[in-house]
Amino acid sequence: MPERMQKFVSIDRGLAAKRAAKERVQDHREILPDFAAEPAAAQASRCEQCGIAYCHIYCPLHNNIPDWLKLTAEGRLEEAYHLAQETNNFPEICGRICPQDRLCEAQWACTLEQSGHGAVTIGAIERHIGETAWKEGWVKPRRPEKRTGQSIGIVGAGPAGMAAAEELRAFGHEVHLYDRYQRMGGLMSYGIPEFKMEQYVVARRARLLTDAGITFNGGQILGDNLSFNQLQERHDAIILAYGAHRPRQLGLNGEKLAGVIPAMDYLVASSRAQIGESEAPKINAAGKRVIVIGGGDTAMDCVRTAVRQGAASVICLYRRNRANMPGSEREVAHAEEEGAIFEWQSQPEALSGVPVEIIASQLESVRRNGAIRTVRAHRTDLVADGDGGRLIPRKKPFSEFEIAADMVVNALGFLVDDAGPLTGGRVGMSERGRVAADRTTRMTAADGVFVAGDARLGPSLAVHAIREGRETAAMACRYLEQARAVVSA
Ligand code: FAD
Ligand code: SF4
């Protein structure tokens, strides 16, 4: 074992200093800077270099983590980057936005975390490797050495579509990405706020794809100004990677009041203002008493965006407790530092205010002032479901309470758009409401039409979408290869 590694005994876990909460809520910029070279090498040298590397197993991309940590500790960053890039198309993106505390740095994934020494800061080091590669000019477009003469159309330019496009192009196919938006990135551009990842990070990866020869067609909406027939006429294979964006309904009285907003509308409006597509956010929490309903990462992003927009107060209502929330603990801690208040074990039961229908003639004023007035909620007790699954919230008797609100954000999660109407009925949905496809080949009921990312998995993570993009691209390549063999036979 080289002397350079296993320094966890003498070096504590550490990250680059986070910007102070008071300062960071004044803007939308990233809250964590990149490591400098020396601390990155020192942190990487803490790795125990386990015989069986659970971090490698629990990383959805099965990154060769111990190997690139060792290369980083030895200052061999170019080699580290090439190794990282072999399994992950966007290392500096995952290094920023993966919930590492639930993946590679979790107690079950890093032996050091389990033994109480604190996990290796794998995500931050992956980011450092990627950032160094960009600075040094080691990141190059993956142009093909040969051409297959076959063409593939990908609907959705999120992480799944982008990763699939890069792989397919490198293999020699002509690749066209279609998206309703004018930029690539999907939720990485229009959902995930800049305080988690600034836009230049996605934009330079998007440029790399076009430099590799991939054609990006923005403003193209499948089922609207782009038909499935057109796609089939133009391409030898199609990948549906259109994500999961349809909001779950709150199912509460008062849901239609003005001022009750789906999370995606809120975050897209904020992102558009940040990236200069609109002058100011169309939905703005400034001066308002904001309530966010939900306990996932989307809810955290809404809470923290509202704080930055200058909300008078921001309260997050979640029906389970902190230990049982789906979002990352790290994000909750950030939100708390920034002044958000969490009402744990609190379930909304009705929204009340001035119904828009009654005062339709004053709609503008209602919108400006917010028609929602109060959220009525109750506390919950958490009970075991008997199957060892997540605790189930039950209403606690006589625990109702009301909170005043000018704006309520529904962050209960998302559903996948029905593929039926988008494809003229040729692609169906599973019982679980995802685009149905063969588990192994990823092919839908339509020949040569594949699915990847959230559209297949339901709302998930960028790292899962990247894996999906890579795996589906491999399946599509195999299909196209067989098609070539038939033609030449
Ligand atoms: P998407 O990223 O959703 O991309 C799909 C693309 O398809 C979009 O660009 C969309 O415009 C386009 N599209 C949709 N319908 C059509 C159509 N009919 N025609 C043409 N184009 C269409 N994951 C993390 O790992 N870390 C995080 O911190 C994190 N934070 C998140 C915060 C929020 C607010 C949200 C909503 C999600 C977050 N996620 C996070 C999840 C992650 O962003 C997604 O899992 C991931 O982006 C899914 O990738 P995808 O490529 O499958 O779909
Ligand atoms: Fe960890 Fe995500 Fe990087 Fe995998 S891709 S090593 S889970 S940060």
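A polar contact is taken here as a pair of N or O atoms within 3.5 Å; within protein, one atom must be able to donate a hydrogen and the other to accept it, and residues adjacent in sequence count only if both atoms are side-chain atoms. The model is predicted: local features need pLDDT of at least 70, side-chain atom pairs count only at pLDDT 80 or more, and totals for chains, interfaces and linings use all residues. Residues are numbered from 1 along each chain as its sequence is written, chains are lettered from A and ligands numbered from 1 in the order in which they are written, and side-chain values use heavy atoms, with hydrogens and water left out.

Ligand 1 makes polar contacts with the backbone. An oxygen atom of ligand 1 lies 3.2 Å from a backbone N or O atom of Ser460. A polar backbone atom of Leu461 is 3.3 Å from an oxygen atom of the ligand. For Ala160, the corresponding distance is 3.0 Å, again from a polar backbone atom to an oxygen atom of ligand 1. On its own, ligand 1 has 1000 Å² of accessible area (Shrake-Rupley method, 1.4 Å probe). The protein covers 97% of that area. Helices H9 (159–171), H13 (263–274), H14 (297–308) and H19 each give two or more residues to the shell. Helices (H or I, at least four residues) and strands (E, at least two) are DSSP runs numbered from the N terminus.

The shell of ligand 1 holds 33 residues, a residue being near if one of its heavy atoms lies within 4 Å. Ile97, Asp179, Lys196, His245 and Asp454 come nearest. By class, the shell has 18 nonpolar, 10 polar and 5 charged residues. Nonpolar covers Ala, Val, Leu, Ile, Met, Phe, Trp, Tyr, Cys and Pro; charged covers Asp, Glu, Lys and Arg; the others, Gly among them, are polar.

Ligand 2 is surrounded by 13 residues. The closest are Cys59, Cys98, Gln100, Cys104 and Glu126. This shell divides into 9 nonpolar, 3 polar and 1 charged.

One open sheet has 5 strands in the order E3-E2-E1-E4-E16, with parallel pairing; two strands pair if DSSP finds at least two bridges between them. Strands E3 (215–218) and E16 (449–451) form the edges, each pairing on one side only. Neighbouring strands are turned by 20° on average, direction ignored. E4 (237–240) and E16 share 3 parallel bridges. Ile239 stands opposite Phe450 in E16. Axes are lines fitted to C-alpha atoms, for helices over the stretch in contact, and angles run from 0 to 180 degrees between N-to-C directions.

E7 (289–293) and E8 (313–317) run parallel, joined by 5 bridges. Ile293 has Leu317 of E8 as its bridge partner.
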